[in-house]
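Subject: Structure for you to look at

Dear colleague,

Here is the structure I promised to pass on, with the sequence alongside.

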Amino acid sequence: MRINHRFSILLLAAAAFTTLGGCASTATQESTGQYMDDTAITAKVKAAIFNDPTLKSAEINVETFKGAVQLSGFVGSQADINRAVSVTQAVSGVRSVKNDMRLK
């Protein structure tokens with residue numbers, strides 16, 4: 001009986017360790033909290049681009065990973081690229097901007 005009790009405790013401890021380890025971030029994977037933060041940053045950047053009258057938001061894709069925002073898509077001019085980067089950098093929570101936008 002005592003062996004079953006120890007085994008149950010060991011199994012419970014292993015399950016707790018596994019659960020906690022699954023929520024931690026790594027170099028290539030975000031924690032749950034970071035994912036939620038990045039989702040909010042992506043939404044803010046998309047809203048900022050959409051609200052800028054000179055930019056066509058449908059042409060610009062936004063992805064965020066650990067606060068680093070990647071902009072991609074095909075835009076009409078270098079001025080649009082510069083403006084999208086500038087608008088993105090002004091959003092709170094953005095740590096860096098990677099520009100992968102291309103001219104049409």
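Arg83 forms a salt bridge with Asp52, and the closest N and O atoms of the two are 2.7 Å apart. Since Arg83 belongs to helix 3 and Asp52 to the loop between helix 2 and strand 1, the pair ties together parts that lie 31 residues apart in sequence. Please bear in mind throughout that this is a predicted model, and that every distance and area I quote is computed from it.

What else does Asp52 touch, leaving aside its neighbours within four places in sequence? Its contacts are Arg83 and Val87, while a polar contact of 2.5 Å also joins the side chains of Asp52 and Thr54. The C-alpha atom of Asp52 is separated by 8.8 Å from that of Ala84, a residue 32 positions away along the chain.

A search of the whole structure finds three salt bridges, and the other two deserve a look as well. One of them is formed by the side chains of Lys104 and Glu59, with 2.5 Å from N to O. Lys104 sits in the segment after strand 3 and Glu59 in the loop between helix 2 and strand 1, so this pair ties together parts that are 45 residues apart in sequence.

The remaining salt bridge joins the side chains of Lys98 and Asp100, at 3.9 Å from N to O. If you apply the 4 Å limit for a salt bridge, you will see that the distance of 3.9 Å for Lys98 and Asp100 falls within it. Lys98 is partly exposed, with a relative accessible area of 48%, and Asp100 also counts as partly exposed, at 21%.

Lys98 leads on to the sheet, because it is the bridge partner, in strand 3, of Gln70. Strand 2, which covers residues 68–75, is joined to strand 3 by eight bridges, and the two run parallel. In general, the strands of a sheet pair through backbone hydrogen bonds, either parallel or antiparallel. The sheet as a whole is open and has three strands in the order 1-2-3, with mixed pairing. Its edges are strand 1 (60–65) and strand 3 (96–103), each of which pairs on one side only, and the twist from one strand to the next averages 15°.

Two helices lie across this sheet. Helix 2, made of residues 32–51, lies across strand 1 and strand 2 and runs at about 155° to strand 1. Helix 3, made of residues 78–89, lies across strand 1, strand 2 and strand 3, and runs at about 160° to strand 3.

The loop between helix 3 and strand 3 holds Val91. Is Val91 buried or exposed? Val91 is buried, with a relative accessible area of 10%. Not counting residues up to four places away in sequence, Val91 touches Lys44, Val45 and Ala48. Val91 and Val45 are 46 residues apart in sequence, yet their C-alpha atoms are 6.4 Å apart in space.

The chain has three helices and three strands, and from the N terminus on its elements run α-α-β-β-α-β. Of its 104 residues, 27% count as buried, and the accessible surface comes to about 7300 Å², of which 61% belongs to carbon and sulfur atoms. Among the contacts in the chain with a separation of 6 or more, 60% are between residues 24 or more positions apart.

Definitions and conventions. Residues are numbered from 1 along each chain as its sequence is written. This is a predicted model: local features need pLDDT of at least 70, side-chain atom pairs count only at pLDDT 80 or more; totals for chains, interfaces and linings use all residues. Side-chain values use heavy atoms; hydrogens and water are left out. Two strands pair if DSSP finds at least two bridges between them. Helices (H or I, at least four residues) and strands (E, at least two) are DSSP runs, numbered from the N terminus. Axes are lines fitted to C-alpha atoms, for helices over the stretch in contact, and angles run from 0 to 180 degrees between N-to-C directions. Contact means heavy atoms within 4.5 Å. Buried means under 20% relative accessible area, exposed over 50%, partly exposed in between (1.4 Å probe, protein chains only). Accessible areas come from the Shrake-Rupley method with a 1.4 Å probe; for residues, only the protein chains shown count as cover. A polar contact is a pair of N or O atoms within 3.5 Å; within protein, one must be able to donate a hydrogen and the other to accept it, and residues adjacent in sequence count only if both atoms are side-chain atoms.
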